[in-house]
Amino acid sequence: PGERPDRDGPGGVGVHIAARVMEHADPDEIWVSGAVPLLMAGSNVEFEPRGEWGLKGVPGEWSLLAVRG
(Lines give C-alpha, C1' and ligand atoms only; values in the text may rest on other atoms or scores of the structure.)
Protein backbone atom coordinates (compact mmCIF):
# COMPACT_ATOMS: atom_id res chain seq x y z
CA PRO A 1 0.00 0.00 0.00
CA GLY A 2 1.00 3.64 -0.42
CA GLU A 3 3.68 4.89 -2.76
CA ARG A 4 6.24 2.49 -4.13
CA PRO A 5 8.85 2.95 -6.78
CA ASP A 6 8.83 0.51 -9.66
CA ARG A 7 10.41 0.41 -13.07
CA ASP A 8 7.76 2.80 -14.42
CA GLY A 9 8.16 5.38 -11.63
CA PRO A 10 6.22 6.08 -8.44
CA GLY A 11 2.86 4.44 -7.91
CA GLY A 12 0.29 3.76 -5.26
CA VAL A 13 -2.86 5.36 -3.98
CA GLY A 14 -1.14 8.66 -3.06
CA VAL A 15 0.00 9.21 -6.63
CA HIS A 16 -3.46 8.28 -7.93
CA ILE A 17 -5.16 10.75 -5.57
CA ALA A 18 -2.68 13.53 -6.43
CA ALA A 19 -3.35 13.04 -10.15
CA ARG A 20 -7.12 13.20 -9.59
CA VAL A 21 -6.83 16.34 -7.44
CA MET A 22 -4.70 18.13 -10.06
CA GLU A 23 -7.29 17.36 -12.77
CA HIS A 24 -9.49 20.01 -11.12
CA ALA A 25 -6.82 22.75 -11.02
CA ASP A 26 -6.19 25.32 -13.73
CA PRO A 27 -2.76 25.11 -15.42
CA ASP A 28 -1.36 27.89 -13.21
CA GLU A 29 -2.67 26.42 -9.94
CA ILE A 30 -1.60 23.77 -7.45
CA TRP A 31 -4.43 22.01 -5.65
CA VAL A 32 -4.07 19.67 -2.69
CA SER A 33 -6.33 17.53 -0.55
CA GLY A 34 -7.43 18.58 2.92
CA ALA A 35 -4.74 16.38 4.47
CA VAL A 36 -1.88 18.57 3.20
CA PRO A 37 -2.46 21.69 5.37
CA LEU A 38 -2.33 19.49 8.48
CA LEU A 39 1.02 18.08 7.37
CA MET A 40 2.39 21.57 6.65
CA ALA A 41 1.36 23.29 9.89
CA GLY A 42 3.83 26.05 10.74
CA SER A 43 5.21 26.27 7.19
CA ASN A 44 3.71 29.69 6.30
CA VAL A 45 2.14 28.14 3.19
CA GLU A 46 -1.44 29.39 2.75
CA PHE A 47 -4.37 27.48 1.29
CA GLU A 48 -7.66 28.61 -0.24
CA PRO A 49 -10.68 26.26 -0.04
CA ARG A 50 -12.05 25.06 -3.39
CA GLY A 51 -14.93 22.94 -2.11
CA GLU A 52 -15.82 19.28 -1.86
CA TRP A 53 -15.16 17.12 -4.92
CA GLY A 54 -15.52 13.53 -6.00
CA LEU A 55 -12.32 12.01 -7.38
CA LYS A 56 -12.57 9.41 -10.14
CA GLY A 57 -11.73 5.97 -8.78
CA VAL A 58 -11.53 7.18 -5.16
CA PRO A 59 -14.48 6.75 -2.77
CA GLY A 60 -16.18 9.70 -1.10
CA GLU A 61 -16.00 13.46 -1.36
CA TRP A 62 -12.68 15.21 -0.82
CA SER A 63 -12.03 18.70 0.50
CA LEU A 64 -9.72 20.37 -2.02
CA LEU A 65 -7.67 23.53 -1.57
CA ALA A 66 -5.49 25.72 -3.78
CA VAL A 67 -2.01 26.70 -2.65
CA ARG A 68 -1.79 30.51 -2.40
CA GLY A 69 1.24 32.56 -3.33
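Predicted model: local features only at pLDDT ≥ 70, side-chain atom pairs only at ≥ 80, totals over all residues.
The protein chain contains 2 helices and 5 strands. Followed along the sequence, these elements come in the pattern β-β-α-β-α-β-β. Of the 69 residues in the protein chain, 23% are buried.

Strands of a sheet pair through backbone hydrogen bonds, in either a parallel or an antiparallel manner. Here 3 strands form an open sheet in the order E3-E5-E4, and the pairing is antiparallel. Strand E3 (31-33) and strand E4 (46-55) are the edge strands, each pairing on one side only. On average, neighbouring strands of this sheet are turned by 35 degrees against each other, with direction ignored.

The two pairings in this sheet can be taken in turn. E3 is joined to E5 by 3 bridges, and the two strands run antiparallel. Within this part of the structure, Ser33 is found opposite Leu64 in E5. E4 is joined to E5 by 9 bridges, again with an antiparallel run. Pro49 has Leu65 of E5 opposite it. E4 and E5 also form a hairpin, with 2 residues between the strands. Gly57, in the turn of that hairpin, has a positive phi of about 80 degrees.

In soluble globular proteins, nonpolar side chains tend to be buried together. The largest nonpolar core in this model has 8 residues: Ile17, Val21, Ala25, Trp31, Leu55, Val58, Leu64 and Ala66. Two elements, helix H1 (13-22) and strand E5 (58-68), each give two or more residues to this core. E5 supplies the largest share, 3 residues. Ile17, one of the core residues, touches Leu55, Val58 and Trp62, when residues up to four places away in sequence are not counted.

Is Ser33 buried or exposed? Its relative accessible area is 12%, and because buried means under 20%, Ser33 counts as buried. Leaving out residues up to four places away in sequence, Ser33 touches Val21, Trp62, Ser63, Leu64 and Leu65. Two of these contacts, Val21 and Leu64, are also members of the largest nonpolar core.

Where is Asn44 placed? Asn44 sits in the loop between helix H2 (35-39) and E4. The relative accessible area of Asn44 is 75%, and because exposed means over 50%, this residue counts as exposed. The backbone of Asn44 is also worth a look: its phi is near 70 degrees, a positive value in a residue other than glycine.

Definitions and conventions. Residues numbered from 1 in each chain as written. Heavy atoms only, no water. Core = buried A, V, L, I, M, F, W, Y, C linked by side-chain atoms within 4.5 Å. Buried < 20%, exposed > 50% of the residue type's maximum accessible area, 1.4 Å probe, protein only. Helix = DSSP H or I, 4+ residues; strand = E, 2+ residues; numbered from the N terminus. Contact = heavy atoms within 4.5 Å. Pairing = 2+ DSSP bridges. Axes fitted to C-alpha atoms, helices over the stretch in contact; angles between N-to-C directions.
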